[in-house]
Amino acid sequence: MAAHLSYGRVNLNILREAARKELREFLDKCAGSKAIVWDEYLTGPFGLIAQYSLLKEHEVEKMFTLKSGRLPSAEVKNIIFFVRPRLELMDIIAENVFREDKLHSSRDFHILFVPRRSLLCEQRLKEQGVLGSFINIDEYILDLIPYDGDLLSMEYESAFRECYLENDQTSLYHTAKGLMTLQALYGTIPQIYGKGECARHVANMMLRMKREFAGSQNQILPVFDTLLLLDRNVDLLTPLATQLTYEGLIDEIYGISNGYVKLPPEKFAQKKQGEASKDLPTEPKKLQLNSAEELYAEIRDKNFNAVGAALSKKAKIISAAFEERHNAKTVGEIKQFVSQLPHMQAARSSLANHTSIAELIKDITTSEAFFDNLTVEQEFMTGVDTDKVNIYIEDSIAQKDPLIKILRLVCMQSVCNNGLKQKVLDYYKREILQTYGYEHILTLNNLEKVGLLKPQTSSRNNYPTIRKTLKLWMEDANEQNPNDISYVYSGYAPLSIRLTQVLARPGWRSIEEVLKMLPGPHFEERQQLPAGLHKKRKDQYSLGLLFALLLTTQNK
Amino acid sequence: MAFITANWNPLGEAFYRKTELYEMCWTLRDGLRDSLVAAAPYGGPIALLRESHRRSPSSRPQLEIYSASGVAIASFPWKSGPVVQLGWTVSDELLCVQEDGSVLIYDLFGSFKRHFSMGQEVVQSQVLEAKVFHSPYGTGIAIVTGSSRFTLATNIDDLKLRRLPEVPGLQGKPSCWVVLTQDRQTKVLLSNGPELYILDNTSCTAVCPPGLSPQAGSIVHMSVSFSYKYLALFTDTGHLWTGSSDLQDKLSEVDTKKTTTPKQMVWCRRPKSQQPSVVLMWDRLLMVTGVCNDTIQFPIEDPCVLVGELDGVRIISSVYQELLQEVPLVCQDIFKIASMAPGALLLEAHREYEKSSQKADEYLREIKEQSMLGEAVRQCVEAASHEYDTSTQKSLLRAASFGKCFLTDFNPDVFVSTCRELRVLNAVRESSVGMPLTHTQFKQMTLQVLIDRLVYRQFYQLAIEICHYLKIPDYQGVSRVLKHWASCKVQQKDLSDESIARAVCVKVGDSPGVSYSHIAAKAYECGRTELAIKLLDFEARAGEQVPLLLKMKRSQLALSKAVESGDTDLVYTVVTYLKNEMNRGDFFMTLRNQPVALSLYRQFCKLQEQDTLKDLYNQDDDHHELANYYVTASYREKRLDTRLSLLQSAVDEYNKAKNEFAAKATEDEMRLLRFQRKLDDEKGAGLLGLSLQATMEALLALGLHKQAEQLYRDFRVPDKRYWWLKLKSLAEKEEWEELEKFSRSKKSPIGYLAFIEVCMKCNNKYEAKKYVSKVTPEQKVKAHLAISDLEGAADAAIERRNDSEMGAVLSRCSASHQLLIERLNRARAAAAKK
């Protein structure tokens with residue numbers, strides 16, 4: 001079912017299975033038929049762990065969305081709330097429970113906190129007088145979700161905002177906990193490297209937790225030999241730049257959420273012969289994107305400019321495969337051909353889908369606006385005229401382009417110039433306020449608070465040094481047959497990737513100067529392996545685990 | 001080795017032996033006479049209370065506690081009321097049942113732990129007799145009172161008193177009684193004259209032991225076996241009836257020819273017993289009565305106490321302690337004279353081998369011919385485990401080891417574990433430790449319990465050595481010992497907090513599974529709060545640390561520990577606690593010193609208590625956040641005047657925060673709002689809340705050019721943006737004349753290409769053309785292309801000799817523009833030459 005998770009160098013299905021097992025165990029604790037009331041935010045991440053069929057096997061008959069008022073009626077024995085530990089949700093649950101009791105008294109209530117139970121929330125339920133109504137109050141530790149064969153994600157989109165704007169490090173605590181779970185399943189990771197305040201904090205918590213868990217030392221041979229923790233604020237530039245890989249562009253344009261993308265339906269209408277395309281579907285087309293799909297696995301990380309060629313090559317292979325049937329003479333050959341048919345048909349429909357998506361994207365990437373925007377981004381990244389008001393940005397504001405685009409560009413300029421001159425900054429800010437409304441003064445304040453936007457304090461701009469030392473800009477990026485990571489942004493090599501590369505070889509000692517320029521401390525920790533595992537380890541292949549806090553930059 | 005069988009006595013098919021365990025270390029002035037004695041099974045401790053002067057108030061009886069080997073552990077004068085019965089709990093605590101029904105619990109070292117009562121009515125009626133018993137539920141107590149009523153408590157740690165129904169015709173105490181545990185129920189079996197009753201929770205049933213001869217008389221003594229499975233009844237005519245305790249089957253009936261009631265009667269069995277027996281003790285005689293009607297008689301000189309064990313009976317006298325048990329079958333096989341059992345032959349073979357005699361080979365051959373060598377080794381190993389004498393153990397194990405050499409695929413596990421276990425057993429049997437455990441008992445009680453019991457006795461060193469020796473994982477072994485040790489250490493009143501904390505830390509260190517908070521809680525219980533805090537410092541798990549700190553009212557410390565842990569939920573918990581405990585000022589001050597907690601609390605306030613948020617910012621003089629707060633608040637406000645006054649507050653705060661830009665921007669916003677209201681009032685324009693740009697746009701759309709112009713000047717809108725705005729607006733309204741006029745009003749800051757593009761967007765090529773001549777030379781080609789004038793574009797491009805521009809024109813050409821293409825190609829070639 002989730003075979004693609006086991007293809008990578010690390011079998012992430014172990015993690016997924018552990019998560020599923022725990023879910024099943026909880027569901028079985030509540031004997032009888034069940035209805036789940038969902039904190040809507042959780043449905044996406046849960047989809048990566050368990051489909052409805054699993055829930056159904058355990059007598060889940062109804063699913064509702066958590067909202068205030070009365071619960072919808074359902075003939076079930078148990079009502080289970082799946083919620084994040086948030087006070088406002090507790091109030092809703094309390095209301096649900098209050099309204100409910102008057103109608104049926106025989107239903108049992110349960111709460112499953114995701115990812116962790118909270119004393120504060122239980123206290124709140126107690127204050128509301130409903131804590132006693134719950135038979136089971138449990139936690140479902142869902143920190144690191146296996147997202148793809150080579151990717152774990154916390155699907156915690158507000159983490160950057162919480163850490164840097166609100167100084168709330170809950171997400172870091174969950175990160176540390178998640179990494180502990182990971183180590184429990186895949187062995188203690190002997191080396192930890194990191195850069196940035198939050199990374200330091202996560203590492204500290206991990207070491208602390210290791211002390212807490214002392215004694216239950218696991219005897220698993222480490223699968224990972226290095227863990228690298230990177231703060232998002234070490235590399236603010238990368239998420240500001242427009243992604244240029246196939247998957248990146250799908251995300252830029254349509255947004256990928258929990259592994260799914262919603263696309264405009266027109267391109268995907270089934271064109272059946274002799275049927276007028278009267279009723280085009282109006283619902284957006286929802287597609288799951290992961291490496292389980294062979295073609296997608298092949299092209300997802302290609303620069304978009306190389307996707308066309310890959311698709312047409314694939315098309316040729318598939319039609320050649322279909323042509324094979326003419327060569328099939330003997331019964332045996334025909335039988336073999338037929339047995340391959342389902343696979344080939346799947347490949348063909350996958351090809352059709354991605355060709356449609358590529359066409360949709362191409363319409364946008366070939367537009368002048370896209371090109372102009374990219375040109376400005378690349379100018380900033382190469383350090384051209386980053387210290388004055390940019391005419392393109394000015395014009396874009398005058399044209400009332402989407403605010404997010406403006407903010408991305410302005411922030412990028414600020415990052416590439418180590419802050420903007422007060423005059424330039426004020427000019428941009430005034431333009432934004434006058435055009436998009438005064439309420440954005442809060443948006444701008446927030447951006448300044450997290451450092452995405454800042455006035456220049458010293459005349460020295462570190463960015464060029466960093467760019468040169470880490471080779472962030474490669475003039476001759478090869479988009480078709482890449483030999484360097486800079487192909488993903490057609491020239492720009494993401495800073496975080498460069499840090500990872502340098503760490504692997506020759507080591508961070510060679511870039512001490514640059515590391516000092518980047519915010520936060522850099523560090524190295526070693527975790528003692530349980531005795532007895534040392535000797536065995538030598539024969540193992542080494543495998544690094546990069547764990548960057550890839551936090552999205554949500555503005556506002 | 002004939003001497004091994006010297007103390008064997010045949011009983012039916014089996015043999016019984018009496019092994020000396022200890023020469024007792026104590027010196028008892030009056031022996032065991034006239035004393036209440038309680039000795040715990042499994043080689044547990046012995047408690048003694050002299051009865052002689054019990055009733056005299058002037059001399060208090062002495063309560064003494066000894067190890068099983070007679071080493072004094074504690075001794076103190078008994079100051080409470082008269083004691084009816086002593087007994088030990090499963091966790092080595094001493095129970096003293098008093099006449100008034102109260103039960104006092106002491107630990108091994110004689111310090112009082114707690115007490116409870118067996119019921120109010122007992123105070124009046126008094127306890128006549130009491131029994132302490134053990135069941136799967138723990139340690140229980142049963143009493144019979146002066147009013148002939150029984151009361152039971154099955155588990156003293158979870159005290160539930162049950163008063164059993166009345167027994168018909170019972171006056172005073174019954175002639176004898178026992179507590180039975182059957183089918184998860186605890187019952188009392190009692191005899192009153194000729195009658196025998198079973199007493200359970202609800203009823204009292206008269207019963208009759210099957211097959212008891214009618215002439216046997218009335219039952220005067222009874223005993224139930226260690227496992228509660230068998231029952232022995234002694235009648236006043238000297239008949240001993242044995243059978244199952246459910247009174248369904250009879251084993252035997254023996255006439256002991258003794259009509260006096262024995263002082264003690266105890267079952268002597270072992271698991272897989274061949275010949276179970278009952279041991280009866282009179283003043284000068286010990287009689288072992290097998291169910292086969294055979295008896296063995298031992299004379300005794302001194303008053304003794306019998307202690308029933310799982311696999312025998314311990315006999316404690318004032319001088320010696322002996323173990324009476326049925327000789328295990330395997331030992332019989334090996335040591336029985338002229339035994340031909342494989343184990344016996346192997347032992348013999350090894351003995352010859354040691355003497356370098358070739359007979360060794362003969363014996364071995366004999367065993368191997370029967371392919372019994374494996375069995376022989378197994379027998380020797382098993383027999384060793386049952387032997388108490390270390391030299392016998394050694395010779396058996398050596399023989400086993402010798403035999404093992406001739407076996408290729410023998411699993412050594414049992415041999416190895418038996419060697420290890422025997423070593424441990426020999427260590428705890430040492431007189432100084434005094435736990436005379438047999439191997440069978442040890443297996444039954446488990447190593448965990450043995451370690452616990454060593455720990456109760458404070459043999460920490462030995463316990464730890466055993467853990468290391470048996471390689472028990474730390475968190476099951478050493479850590480548990482250290483935990484006990486530390487909990488005990490913190491109670492030492494003569495040491496300073498500092499030195500105890502240091503000692504604990506040095507010993508416990510980072511031992512896995514030792515909870516410092518558990519130790520700290522102990523210290524806190526003993527009233528040593530300071531010590532508890534010092535110890536909590538070592539606790540790694542904040543989840544454990546913080547609640548205890550709160551309980552000890554060290555909320556500040558709890559807060560900083562919670563913050564350290566990184567667990568925000570914990571921080572919130574402490575913050576909520578503090579909020580309720582402290583006055584607001586102190587609370588804010590506390591938070592101020594903990595930035596992490598403060599920002600979390602701010603988040604909480606943002607969602608739950610907006611007003612508190614304001615107070616927080618105020619207290620911190622955080623003008624910037626305060627200003628932001630006012631701005632946010634202004635958007636929640638419907639009435640414009642309130643909104644403006646909130647914005648004014650924001651301006652003030654931004655000024656205080658020296659954020660000139662924001663202050664200015666806010667003032668502008670206020671100005672804009674007033675302007676919008678004025679126009680809305682005057683013209684109903686619906687402007688309120690729009691951005692400046694949108695306002696100008698709306699004004700232009702409404703044709704209010706003058707007002708738009710005014711805003712443009714008042715708010716110093718950059719020319720470029722204003723021109724774009726006006727250009728688009730005029731084009732949208734198709735006011736072409738107006739547009740042309742505007743284009744001439746001054747030199748366009750956005751150039752003229754924009755005019756062309758906007759006109760083309762409105763599909764007005766005619767108007768667009770008007771501006772082509774005005775564009776800068778660089779934009780000429782683009783301008784021509786915009787209006788699809790390829791000729792013009794070509795001309796311009798060729799004139800400018802710009803290759804990329806010519807290329808751009810070419811890319812727009814189709815086959816119908818053959819001439820143009822040729823011209824361009826020529827020009828390109830020419831330009832390239834230069």
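Across all chains of this predicted model, the count comes to 68 salt bridges, a salt bridge being a side-chain nitrogen of Lys or Arg within 4 Å of a carboxyl oxygen of Asp or Glu. The model is a prediction in which local features need pLDDT of at least 70 and side-chain atom pairs count only at pLDDT 80 or more, whereas totals for chains, interfaces and linings use all residues; side-chain values use heavy atoms, with hydrogens and water left out. Residues are numbered from 1 along each chain as its sequence is written, and chains are lettered from A and ligands numbered from 1 in the order in which they are written.

One of these salt bridges joins two chains: Glu394(A) pairs with Lys720(B), and the closest N and O atoms are 3.0 Å apart. The pair connects the chains because Glu394(A) lies in helix α15 (residues 391-398) of chain A and Lys720(B) in helix α25 (residues 719-732) of chain B. Helices (H or I, at least four residues) and strands (E, at least two) are DSSP runs, numbered from the N terminus. Glu394(A) is buried, at 12% relative accessibility, while Lys720(B) is partly exposed, at 23%. In these terms, buried means under 20% relative accessible area, exposed over 50%, and partly exposed in between (1.4 Å probe, protein chains only).

Within chain B, Glu709(B) forms a salt bridge with Lys726(B), with 3.9 Å between the closest N and O atoms. This pair links distant parts of the chain, since Glu709(B) belongs to helix α24 (residues 705-714) and Lys726(B) to helix α25, 17 residues apart. Glu709(B) is partly exposed, with a relative accessible area of 26%, and Lys726(B) is buried, with 11%. A network of salt bridges also links Glu740(B), Arg744(B), Glu767(B) and Lys770(B). In chain A, Lys388(A) forms a salt bridge with Asp385(A), the closest N and O atoms being 3.7 Å apart. Both partners are partly exposed: Lys388(A) has a relative accessible area of 48% and Asp385(A) one of 44%.

Chain A contains an open sheet of five strands in the order β2-β1-β3-β4-β5, with parallel pairing; two strands pair if DSSP finds at least two bridges between them. Strands β2 (60-65) and β5 (134-139) stand at the edges with a single partner strand each, so one side of each has no neighbour in the sheet. Neighbouring strands of this sheet are turned by 20 degrees against each other on average, direction ignored. Axes are lines fitted to C-alpha atoms, for helices over the stretch in contact, and angles run from 0 to 180 degrees between N-to-C directions. Strands β3 (residues 78-83) and β4 (residues 108-113) of chain A run parallel and are joined by six bridges. Val83(A) has Phe113(A) as its bridge partner in β4(A). Helix α2 (residues 40-47) of chain A packs on the sheet, where it touches β1 (34-38), β2 and β3, and its direction makes about 110 degrees with that of β1(A). Contact means heavy atoms within 4.5 Å.

Chain B holds an open sheet of four strands, ordered β15-β16-β17-β18, with antiparallel pairing. Its edge strands, β15 (176-182) and β18 (204-207), each pair on one side only. Strands β16 (residues 185-192) and β17 (residues 195-199) of chain B pair in the antiparallel sense over five bridges, and the partner of Val188(B) in β17(B) is Leu199(B).

Pro521(A) is located in the loop between α21 (512-517) and β13 (522-526) of chain A. Pro521(A) is partly exposed, at 28% relative accessibility. Residues up to four places away in sequence not counted, Pro521(A) touches Gly194(A), Lys195(A), Gly196(A), Glu197(A) and Arg200(A).

The average pLDDT of chain A is 84, and 90% of the residues score at least 70; pLDDT is the predictor's confidence in each residue, from 0 to 100. Within chain A, confidence is lowest in strand β14 (residues 544-548), at a mean of 42, and highest in helix α17 (residues 422-436), at 94. Residues 272-277 of chain A have pLDDT below 50 and, beyond near neighbours in sequence, zero contacts in the model. Over residues 535-556 of chain A, pLDDT stays under 50, and the model has 59 contacts beyond four places in sequence for this stretch. Where pLDDT is low, the predicted coordinates should not be read in detail.
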